[in-house]
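Subject: The structure for you to look at

Hi,

Here is the structure I promised to pass on to you. Please open it next to this email and follow along as you read.

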Amino acid sequence: MSRVWNFSAGPAALPEDVLRQAAAEMLDWHGAGMGVMEMSHRGKEFTAIAAQAEADLRELLAVPANYRVLFMQGGAIAENAIIPLNLMGDKRVADYVVTGAWSVKSQKEARKYGEVNIAASSEASGFTSVPPMAEWRLSADPAYVFTCTNETIGGVEYPFEPDLAQIGRGAVPVVADMSSHILSRPVEVSKYGLIFGGAQKNIGPAGLTIVIVREDLLGRAMPHCPSAFDYKTVADNGSMYNTPPTYAIYIAGLVFQWLKAQGGVAAIEAQNIAKAKLLYDFLDGSDFYENRVDRACRSRMNVPFFLRDEALNDAFLAESKAAGLVQLKGHKSVGGMRASIYNAMPLAGVEALVDFMRDFAARRA
Ligand SMILES: *Cc1c(COP(=O)(O)O)cnc(C)c1O
């Protein structure tokens, strides 16, 4: 068996220890005589797996007691509809901060359910920055303010937490799509009304969506909101109103255990800073490659970069693949290359990438 360094933006690499444990438990989980995929979601074994996963996630992110953790399905794109269906309420207007492809998509979907006010946008900069909160123009009484705190495609990450109290609007709930950087750094959960993310970037398999929602935001869904997507229904049923994605929850739980063994979120953040610094310092010191994101807003998780001579793109991709470095092609809307270096990517993987890039440049210069 030989494993590659996988820089996919998602579904993305998982910790090898987690994959090995899942393989060992595939046929018989802890003496149950069956694998996790085959268990009833209401049986005592799976109920314990889900409860442990939730407890570990709460511990890792220090989720306050007045927040509910929901295990849902449909991914972040489904949440783009589920959020307005649940939170627009009587106000019928929500504010969106647009910083890239994902928040563009989110505000577009929300328009089906109410009025959308674009509070701020970095479109003029080609989505290479995050507008500072002092420039946000909130509407008079929005149901919530939507943010995407790490734009996976553009490689733009908020360099601050969107704490509306700092602009005197602390009563408005902040919603954050954290799909591609959840658990990569500590967050102050109490500053948000709702945090959500698909699992397949930084947590586990596709099919699981994590929602962390403040309790007072439950029970506001529009009458036509599907029951399976009504946060109150999901919360009241312990995320088992419908059958949850059981195997994805189990793998996510193993990832949470792995993260705790690494020392938790603060420890993994230190590793993520070191990984990102290695790659960005190399890019900045090179006249062969470049990153075009505003330095203060560069993502630690998703690093888009360009070869200054784009005629070499195909050779770069072919040779990197031959060297065991895969999924480096940039998103089609951006072009160039992108290296996603989530929690599960060890420093050694980033070192291998930088070594290859240095060697490639030397051979072509
Ligand atoms: C990947 C991603 C999405 C889309 O997730 P799906 O699971 O395909 O719905 C949305 N937002 C962000 C920030 C993402 O990284």
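Helices (DSSP runs of H or I, at least four residues) and strands (runs of E, at least two) are numbered from the N terminus. What you see is a predicted model, in which local features need pLDDT of at least 70 and side-chain atom pairs count only at pLDDT 80 or more, while totals for chains, interfaces and linings use all residues. Residues are numbered from 1 along each chain as its sequence is written, and side-chain values use heavy atoms, with hydrogens and water left out.

Let's begin in the loops. Ser239 sits in the loop between helix H5 (231-236) and helix H6 (246-262). Although Ser239 is not a glycine, its phi is positive, about 60°. Ser239 is also buried, at a relative accessible area of 5%; buried means under 20%, exposed over 50% and partly exposed in between, using a 1.4 Å probe and protein chains only. Phe127 is another residue other than glycine with a positive phi, near 55°, and its place is the loop between strand S4 (115-121) and strand S5 (145-148). In the loop between strand S1 (5-6) and helix H1 (16-24) you will find Pro11. A cis peptide bond, with omega about -15°, joins Gly10 to Pro11.

Next comes the ligand. Which residues surround the ligand? They are Gly75, Ala76, Ile77, Trp102, Cys148, Asn150, Thr152, Asp177, Ser179, Ser180, Gln200 and Lys201, where a residue counts as near if one of its heavy atoms lies within 4 Å. Helix H3 (residues 75-87) gives the largest share of this shell, 3 residues. By type, the shell divides into 4 nonpolar, 6 polar and 2 charged residues. Here Ala, Val, Leu, Ile, Met, Phe, Trp, Tyr, Cys and Pro count as nonpolar, Asp, Glu, Lys and Arg as charged, and the others, Gly among them, as polar.

A polar side-chain atom of Thr152 is 2.4 Å from an oxygen atom of the ligand, and one of Asp177 is 2.7 Å from a ligand nitrogen atom. In the side chain of Lys201, an N or O atom lies 2.6 Å from an oxygen atom of the ligand. On its own the ligand has 380 Å² of accessible area, and the protein covers 87% of that (Shrake-Rupley method, 1.4 Å probe; for residues, only the protein chains shown count as cover).

Now turn to helix H9 (residues 347-364). Buried in H9 are Gly349, Val350, Leu353, Val354, Phe356, Met357, Phe360 and Ala361. Seen down the axis, these buried residues fall within an arc of 160°, so they line one face of H9; the arc is that of the directions from the helix axis to the C-beta atoms.

Helix H8 (residues 313-322) has Asn313, Phe316 and Ser320 as its buried residues. They cover an arc of only 60° around the axis, which puts them on the same side of H8. On the face turned away from that buried side are the exposed residues Asp314, Lys321 and Ala322.

Enjoy exploring!

Terms used
Polar contact = N/O pair within 3.5 Å; in protein donor to acceptor, adjacent residues only side chain to side chain.
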